[in-house]
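Here is a friendly first tour of a protein model. Have a look at the sequence and the fold before reading on.

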Amino acid sequence: MQVNIKTPKEIALMRESGRLLAEVFHMLDDFVKEGISTLEINNQVDSFIRNKLHARPASVGQYGYQYALNSSVNEVVCHGVPRNTAILKSRDIINLDITLEKNGFIADSSKMYLMSDVNPLAKRLVKTTYEAMWAGIKKVRPGATLGDIGAAIQKIAENNGYSVVKEFCGHGIGREMHEEPQILHFGKPGTGLCLQEGMTFTIEPMINQGKAKTKTKKDNWTVITADKKLSSQWEHTILVTQTGFEVLTLRQEETNRI
């Protein structure tokens, strides 16, 4: 496993990509609402990244994908494809997963948006997933292991009666969208790769309301829960620092988390 340890100059560039990506979500906070389509959201994000931030939506052209984001609604676990026929309704939850490249380095983050009439059980799933992601993030420091991260996430999910999706995971990131190592969202403390200062990777748990099993739709992109129950995901790009971690994609409303 070849893990790319970032230099101070590379970290500075990644920090800038992360800052710009946080701006995208800040813009979306006022844009995403019921009655608009996921394709409209995609087009807004694409234009904002290119024209306002003078950066590149990194998912466009990656693995043949055509869009600036993944839009995963309700039972969609990940990789939901934006469509003009997918109109957000008042009880929907949606994950928007966006990657941005600036000066050769990529940041990756996702956020859940809840429409106006989301039921309490859906809100609980989304909140628990968010807390699970942060529990994993707070395990990050030099000398910790990947198993420490996964175990912290798994514990919160399962203690709340949910299941962790195992087919998809976080990943190293930098000049490439997907680098080593893989970041599993389950595991045992003290196992797996030991973290080093200068590593950059994503933590992005996918937590299901029902069983963990998933299936992929005929478009070969969209992954849904096999039992059609809800799924939730949050994601940040993380740097291992000398003393702990830095969230490179931290959003304005999250500054109290660190």
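This is a predicted model: local features need pLDDT of at least 70, side-chain atom pairs count only at pLDDT 80 or more; totals for chains, interfaces and linings use all residues.

Residues are numbered from 1 along each chain as its sequence is written, and side-chain values use heavy atoms, with hydrogens and water left out.

**Pockets**

- Rolling a probe the size of a water molecule over the atoms shows where empty space is left.
- A pocket here is an open set of points on a 1 Å grid over the protein atoms alone, where a 1.4 Å probe fits, with protein on both sides within 12 Å along at least five of seven lines; its lining residues have an atom within 4 Å of a point.
- The volume of the largest pocket is about 530 Å³, where a volume is the space filled by probe spheres set on the points, and grid points are joined across faces, edges and corners.
- Its lining has 26 residues, and those nearest the centre are Tyr63, His79, His171, Met177 and His178.
- Two or more lining residues come from each of strand E2 (69-73), strand E4 (93-102), strand E7 (170-172) and strand E8 (179-183); strands (E, at least two residues) and helices (H or I, at least four) are DSSP runs, numbered from the N terminus.
- E4 gives the largest share of that lining, with three residues.
- By type, the lining of the largest pocket has 11 nonpolar, 10 polar and five charged residues. Here Ala, Val, Leu, Ile, Met, Phe, Trp, Tyr, Cys and Pro count as nonpolar, Asp, Glu, Lys and Arg as charged, and the others, Gly among them, as polar.
- The second largest pocket comes in at about 370 Å³. It is lined by 18 residues, with Ser71, Val73, Val76, Ala86 and Lys217 closest to its centre.
- The lining of the second largest pocket splits into seven nonpolar, five polar and six charged residues.

**Aromatic rings**

- A pair of aromatic rings is described by the distance of the centres and the angle of the planes.
- Rings of Phe, Tyr and Trp (its six-membered ring) pair if their centres lie within 6.5 Å; planes under 30 degrees apart count as stacked, over 60 as edge-to-face and the rest as tilted.
- The model has four aromatic pairs by this rule.
- One of them is Tyr65 with Tyr67: the centres are 5.5 Å apart and the planes are at 70°, so this pair is edge-to-face.
- Tyr65 also pairs edge-to-face with Trp221, at 4.8 Å centre to centre and 70° between the planes.
- That pair joins distant parts of the chain, 156 residues apart: Tyr65 is in the loop between strand E1 (56-57) and E2, and Trp221 is in the loop between strand E11 (214-216) and strand E12 (223-225).
- Together, Tyr65, Tyr67 and Trp221 are linked into a cluster by ring pairs.

**Charges over rings**

- A charge sits over a ring if NZ of Lys or CZ of Arg is within 6 Å of the ring centre and within 35 degrees of the ring normal.
- Lys33 has its charged end over the ring of Phe31, 5.7 Å from the centre.
- Lys166 lies over the face of Phe186, 4.8 Å from the ring centre.

**Two residues and their surroundings**

- Val81 sits in the loop between strand E3 (76-78) and E4, and is buried because its relative accessibility is 12%.
- Contact means heavy atoms within 4.5 Å. Leaving aside neighbours within four places in sequence, the contacts of Val81 include Tyr65, Tyr67 and Trp221.
- Met177 is in the loop between E7 and E8, and its 8% relative accessibility makes it buried.

**Backbone details**

- Most residues other than glycine have a negative phi, and most peptide bonds are trans.
- Glu180 and Pro181 are joined by a cis peptide bond, with omega about 5°.
- His54 has a positive phi, near 50°, and lies in the loop between helix H2 (38-52) and E1.

Definitions and conventions
Buried means under 20% relative accessible area, exposed over 50%, partly exposed in between (1.4 Å probe, protein chains only).
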